Amino acid sequence: MKFLLVLDQGTTSTRAIVFDETLAVAGIGQRALQQYFPAPGLVEHDPQEIWQATLAVAQEALKNAGLSAGDIATVGLTNQRETTLLWERATGRPLHHAIVWQDRRTAAQCAELKSTGAEALIRERTGLLIDPYFSASKLRWLLDHIPGARVRAARGELAFGTMDSWLAWQLTGGREHVTDATNAARTQLYNIHLGAWDNELLALWDIPHEVLPRVVDSSGIALEIDPACGLRGTLGGIAGDQQAALFGQQCFEPGSAKCTYGTGCFILVNAGASCPTPSAGVLATLAWQINGQPTYALEGSVFMGGATVQWLRDGLGIIEHARDIEALAASVPNTEGLILVPAFTGLGAPHWDPSARGLLIGLTRGTGRAHIARAALEAIALQVSDVLTTLQSDLGRPLQTLRVDGGAARNALLMQLQADLAGLVLQRAAQPETTALGAALLAGLGAGVWQNLDAVRQLWQQDHQFYPAGDAAAIAQLQTRWRAGVARARGWAEIGI
């Protein structure tokens with residue numbers, strides 16, 4: 001039996017999972033990740049804390065599996081995307097906390113650049129929109145606000161990376177400064193058609209080429225791990241978390257789609273070997289790159305998925321545990337007209353409004369905790385449905401099914417609401433760890449654990465299907481209220497009061 005270790009560095013936790021070659025989980029380790037909020041709209045992580053947690057959970061997973069580092073065939077890495085950091089090449093010391101993908105500190109800078117008409121070029125080269133979500137504006141902010149950073153970067157003393165680059169650097173003892181193609185594609189600096197960093201985009205964002213990592217495939221990279229970190233062997237595969245989940249859900253055919261319900265909700269559709277031209281509401285990106293050959297995807301990103309439930313728990317205190325929301329929301333048949341627009345960090349796809357803010361409207365004296373809980377679940381499903389509508393329009397054909405995963409996908413009420421609102425059959429994977437699973441598949445295929453995609457297709461299993469069963473009139477009314485709520489939430493931060 002061969003075993004694979006996956007390091008899954010997410011927004012709210014760092015995990016390690018050991019899979020065997022049948023894709024059964026042999027051991028897990030997990031640590032919660034502290035969130036830093038220096039000011040409203042700002043979100044940061046401590047890179048050193050992440051690295052130490054990665055080492056700890058790797059050892060925990062190996063121990064729980066009854067294995068040692070030498071028993072692992074290869075290591076896969078998957079990570080929260082767009083989160084940006086800058087460190088010294090000589091010492092490996094981060095110069096600042098990592099700026100998390102949710103962070104909105106560069107909203108004004110992005111708006112200024114957008115006003116110059118630069119978005120058309122960025123859209124054509126990268127498939128992305130100008131938004132604080134992506135890495136380029138975060139990196140520029142670091143270079144502009146850390147004393148001496150821009151001069152040091154131009155001298156080649158500093159290294160930029162998303163979280164995959166940071167962990168690959170640490171795992172290889174500082175020998176490898178790399179990123180895979182899926183993570184590079186989220187920086188707004190990488191030409192996804194040519195497969196290279198784009199000098200014109202670097203000039204546009206005022207980023208020196210000297211800070212950039214080398215771009216590698218998502219599978220078969222075989223980077224030697226430094227034994228000093230307590231692990232051995234090779235780092236065999238890297239992919240951003242949502243692309244890894246698409247691979248883990250085995251959406252290998254064009255037109256197959258998945259939605260991961262995590263901190264945010266991320267909907268990806270395999271677009272095949274040719275990059276499509278997306279409409280304004282969604283993105284084109286790389287799904288993965290193997291043997292130098294890219295596979296493309298269309299993507300819609302919802303910023304507040306499971307994070308909405310966390311807000312109910314940690315911010316309002318109306319539930320003690322995230323899992324409690326299902327029973328509470330199910331205790332009322334509807335919200336009695338209450339709408340929650342969870343635009344706490346702006347709105348992602350298909351609206352892309354960083355100045356939107358959260359809104360709870362329709363409150364009456366009869367509104368209670370259960371109505372708010374149900375409105376939160378409806379908000380998650382309504383946001384995803386908006387993205388699905390846009391994606392299907394871009395594809396030119398309706399989707400028949402949607403494969404779902406992530407922690408919130410275990411919530412049967414949410415999944416039924418999603419099936420009703422989207423009018424799709426939802427297929428929930430039996431293996432909930434699809435992000436880590438995708439990283440295991442990418443690493444294992446490159447290391448020869450499986451010979452080809454056909455060898456792993458039969459390993460995907462379904463847990464449950466959800467069929468659309470909602471009342472059409474009630475759904476239409478809910479969607480009308482939702483659109484009205486979104487319209488009221490948009491642009492709030494620009495009012496200036």
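A residue is taken here as buried when its relative accessible area is under 20%, and by this criterion buried residues make up 60% of the 497 residues in the protein chain of this predicted model. The secondary structure of the chain comes to 16 helices and 23 strands. Along the principal axes, the C-alpha trace spans about 60 × 55 × 45 Å. The radius of gyration is 22 Å, which agrees with the value near 23 Å that a compact globule of 497 residues would have. Of the contacts between residues at least 6 apart in sequence, 72% join residues that lie at least 24 apart.

Helix 6, which comprises residues 163-171, is mostly covered, with 9 of its 9 residues buried. Just after helix 6, the backbone at G173 takes a positive phi of about 65 degrees.

When residues up to four places away in sequence are not counted, S137 touches T106, Q109, C110, D131, P132 and W205. With one of these residues, T106, the side chain of S137 forms a polar contact of 2.8 Å. The C-alpha atom of S137 is also separated by 8.7 Å from that of Q188, a residue 51 positions away along the chain.

Rolling a probe the size of a water molecule over the atoms shows where empty space is left. A search of the whole structure finds 1 cavity of 30 Å³ or more, and the volume of the largest cavity is about 60 Å³. Strand 18 (293-302) and helix 12 (369-395) are the elements that give two or more residues to the lining of this largest cavity. The lining consists of S301, V302 and F303, the run G346, L347, G348, A349, P350 and H351, and also Q383, D386 and W482. By residue class, the lining of the largest cavity divides into 6 nonpolar, 5 polar and 1 charged.

Definitions and conventions:
Residues numbered from 1 in each chain as written. Predicted model: local features only at pLDDT ≥ 70, side-chain atom pairs only at ≥ 80, totals over all residues. Heavy atoms only, no water. Contact = heavy atoms within 4.5 Å. Polar contact = N/O pair within 3.5 Å; in protein donor to acceptor, adjacent residues only side chain to side chain. 1 Å grid on protein atoms, 1.4 Å probe; cavity = no way out; pocket = protein on both sides within 12 Å on 5 of 7 lines; lining within 4 Å. Points joined across faces, edges and corners; volume = space filled by probe spheres on them. Helix = DSSP H or I, 4+ residues; strand = E, 2+ residues; numbered from the N terminus. Nonpolar A, V, L, I, M, F, W, Y, C, P; charged D, E, K, R; others polar. Rg over C-alpha atoms; globule rule 2.2 N^0.38 Å. Buried < 20%, exposed > 50% of the residue type's maximum accessible area, 1.4 Å probe, protein only.
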